[in-house]
Amino acid sequence: MRSSKVTHAIGMFALSLLLLVFLSPFLITILNTFKSTQEFVENPFSLPTQFNFDNYFKAIDEMSFATGFVNSLIITLVGVVIVVIFSAMTAYLFARFTWKINKVLFFVMTASMAIPFQVVMIPLVTIYGTVGFIDSRESLLFMYFGFGCSLAVFTFHGFIKGIPFALEEAASIDGSGRVRTFFQIILPLLKPVVSTITVLDVLWMWNDYLLPSLILQSPELRTLPLSTYNFFSSYSVDFTPLMAGLILTMLPVLVLYLFLQKYIIKGLAAGAVK
Amino acid sequence: MRQKKLKNVGTFLIFGGPSLFAFTAVVLIPLAFGLYLTFTNWNMATGTHAFIGLGNYKSILTDKTYLEQLWFTIKYALLTVVISNVGAFSLGLILSKGLKGQTFFRTGFFTPNLIGGLILGYLWQFLFTQVLPFMGQKYGWAIFQTSWLSDTTKAFWALVIVNAWQLMGYLMIVYIAGFVSVPSDILEAAAIDGAGRFRKIISVILPLSVSSIVVCLFLSISRSFLTYDLNLALTNGGPYGSTELASFHIVQKAFLSNEYGMGQAEAVILFIVVAVIALTQSAFMKRLEVEA
């Protein structure tokens with residue numbers, strides 16, 4: 001009995017050590033954001049002589065953090081709302097009205113999920129660059145909508161099919177139209193799927209670099225990953241402010257994770273299995 | 001009758017209109033136009049676009065540097081897939097035994113998945129160029145004495161390690177979901193028959209986890225083949241263009257050299273390679289599946 005307790009303790013210790021090493025890239029970076037580049041280069045493991053936030057202020061300033069943050073926030077919030085609402089509506093259409101055209105369209109949408117972004121990005125830029133529908137929030141949002149809707153429609157569809165018809169029938173007897181029935185009866189039932197899609201799409205839109213880098217050019221429209229890229233390519237000798245910039249960029253998501261870890265892990269795992 | 005039809009058209013447009021419009025405009029039309037692009041010598045800089053048939057595919061498939069690069073990507077993907085899956089499977093096993101604080105550990109190992117490849121790439125850049133060389137010099141570890149990112153082979157391994165490091169926590173969650181559904185009576189029966197811990201893993205858990213393995217292989221194959229952000233931030237294709245993965249190369253070809261037709265043809269070939277590998281894998285693995 002005693003020896004098993006000892007093995008258990010050793011196991012726990014080993015596991016904790018493993019996690020510590022696993023997360024050390026984050027920990028070492030945080031530690032060094034409080035030091036000068038000189039101190040960091042001399043010894044990345046030394047403790048900061050004093051806790052000053054100079055690097056953070058420098059980063060906020062140099063990478064126009066506030067602009068990037070607000071832009072990312074707008075794109076992510078609006079993008080997710082658009083994808084969730086319209087995809088849920090389309091999924092409802094496909095699940096409840098089994099017209100031939102709906103079946104074909106649903107099949108096309110589902111099949112398109114296999115296509116990687118890399119296969120459409122060049123024609124996308126060619127087409128929308130030619131017609132001039134780039135370098136605006138609207139165009140980026142429209143593209144997130146187009147790319148995000150197939151997975152969302154597919155996920156909502158699977159869920160709506162399991163909802164009994166009786167609820168809608170009762171509503172329609174009471175004289176509720178199709179749109180009202182959807183918003184009052186169906187949409188509230190979709191909460192679990194909404195949370196899955198929200199988690200997947202928030203992380204996608206917040207972290208995405210490639211699409212915005214191709215679509216947005218004006219500095220005032222840059223999302224956080226673009227500001228980070230720009231910061232790193234224009235400011236490469238002074239390391240510790242750059243590290244502070246990285247921490248700042250990660251912070252919003254990590255704070256969310258602290259509170260919503262259960263939903264986030266569940267949402268991402270559900271997205272994987274689909 | 002007519003009125004009903006009209007009502008249905010209205011329903012279709014209201015419920016399906018917006019998403020179908022965006023989907024068509026952003027996915028379907030570019031996809032079709034993209035296929036056409038591969039048959040042209042479309043160049044954004046010179047403005048030329050003539051139809052050249054299979055010319056792009058021919059020159060790509062006979063281009064030795066391209067084929068080497070594709071092979072480089074395949075090697076990278078294979079190693080990433082193996083390392084991340086072995087790691088995730090083992091972590092998942094350990095963290096589904098009901099240890100104290102196991103949720104905490106799962107949460108911790110999952111963390112890198114919340115952050116984009118670009119940020120992670122920059123984060124690790126400091127590790128490879130500053131922190132590890134510091135340790136190498138201090139403790140005399142030859143392997144870390146110089147920056148990994150300035151050596152062709154080591155820069156390749158740096159990419160593999162960082163991508164596998166990130167993927168591991170994600171795949172771990174998928175494996176755990178599978179382990180939880182392994183019936184405990186089978187495990188008990190195996191224990192009564194004298195199976196040790198290792199035997200149980202090999203003969204019971206592994207065969208019953210085939211469906212999670214299929215999902216994880218699929219995920220890790222597509223993720224690693226399509227790596228872009230990490231490549232850009234960590235090595236930027238260097239040293240001397242030795243670590244350009246397929247996606248990176250496509251972006252360079254199209255948006256730096258302006259060879260849109262050529263870049264698109266490379267993208268189509270990459271897609272075919274990924275699809276063939278992913279589907280073969282899943283067809284092969286599905287045959288190993290057993291019922292509990």
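Predicted model: local features only at pLDDT ≥ 70, side-chain atom pairs only at ≥ 80, totals over all residues.

Student: What does the record say of chain B under "transmembrane region", and what is the end-to-end distance of residues 12-37?

Tutor: The unreviewed UniProt entry places this feature at residues 12-37, 76-95, 115-135, 155-180, 201-221 and 267-285 of chain B. Residues 267-285 are 100% helix, with end C-alpha atoms 27 Å apart. Residues 12-37 are 100% helix as well, and their end C-alpha atoms lie apart by 33 Å.

Student: Which annotation covers residues 70-281 of chain B?

Tutor: Over these residues the chain is 76% helix and 0% strand, and the end C-alpha atoms are 19 Å apart. The name comes from an unreviewed UniProt entry, which gives the annotation as "domain: ABC transmembrane type-1".

Student: Which element gives the largest share of the side of chain B that touches chain A?

Tutor: The contact takes 63 residues from chain A and 60 residues from chain B. On the side of chain B, two or more residues come from each of α1, α4, α5, α6, α9, α11 and α12. The largest share is 19 residues, and the element that gives it is α1(B).

Student: How many residues on that side of chain B are charged?

Tutor: The residues on the side of chain B that touches chain A include 46 nonpolar ones. A further 13 are polar. The count of charged residues is 1.

Student: Is B:I29 buried, exposed or partly exposed, and which residue of chain A does it touch?

Tutor: B:I29 is found in helix α1 of chain B. A residue is buried with 20 or more C-beta neighbours within 10 Å and exposed with 12 or fewer. B:I29 has 16 inside 10 Å, so it counts as partly exposed. Leaving aside residues up to four places away in sequence, B:I29 touches B:T24 and, in chain A, A:I127.

Student: How are α6(B) and α9(B) oriented to each other?

Tutor: These two helices pack with their axes 9 Å apart, at an angle of about 160 degrees. Their crossing is right-handed. Angles over 145 degrees count as roughly antiparallel. The orientation of α6(B) and α9(B) is therefore roughly antiparallel.

Student: How are α6(A) and α8(A) oriented to each other?

Tutor: The axes of α6(A) and α8(A) are 8 Å apart and form an angle of about 120 degrees. The crossing is left-handed. An angle of 65 to 115 degrees would count as roughly perpendicular. The pair α6(A) and α8(A) is therefore oblique.

Student: Which residues of α8(A) meet α6(A)?

Tutor: From α6(A), the residues are A:F106, A:M109, A:T110 and A:S112. By class, the contact has 4 nonpolar, 4 polar and no charged residues. From α8(A), the residues are A:S150, A:V153, A:F154 and A:H157.

Student: Why is α11(B) said to be largely enclosed, and which element of chain A do its buried residues pack against?

Tutor: Of the 11 residues of α11(B), 8 are buried, so the rest of the structure largely encloses this helix. Among the buried residues are B:F248, B:H249 and B:K253. They pack against α3, α9, α10 and α12 of chain B, together with an element of chain A, α7.

Student: How many residues of helix α9 of chain A are buried?

Tutor: Helix α9 of chain A covers residues 166-173 and is hardly covered. Just after α9(A), A:G175 takes a positive phi of about 90 degrees. Among the 8 residues of α9(A), the count of buried residues is 0.

Definitions and conventions
Residues numbered from 1 in each chain as written. Chains lettered and ligands numbered in written order. Contact = placed C-beta atoms within 7 Å. Helix = DSSP H or I, 4+ residues; strand = E, 2+ residues; numbered from the N terminus. Nonpolar A, V, L, I, M, F, W, Y, C, P; charged D, E, K, R; others polar. UniProt positions renumbered as here; feature names shortened; annotations may be inferred. Axes fitted to C-alpha atoms, helices over the stretch in contact; angles between N-to-C directions. Parallel < 35°, antiparallel > 145°, perpendicular 65-115°, else oblique. Left-handed = near helix turned anticlockwise from the far one by under 90°.
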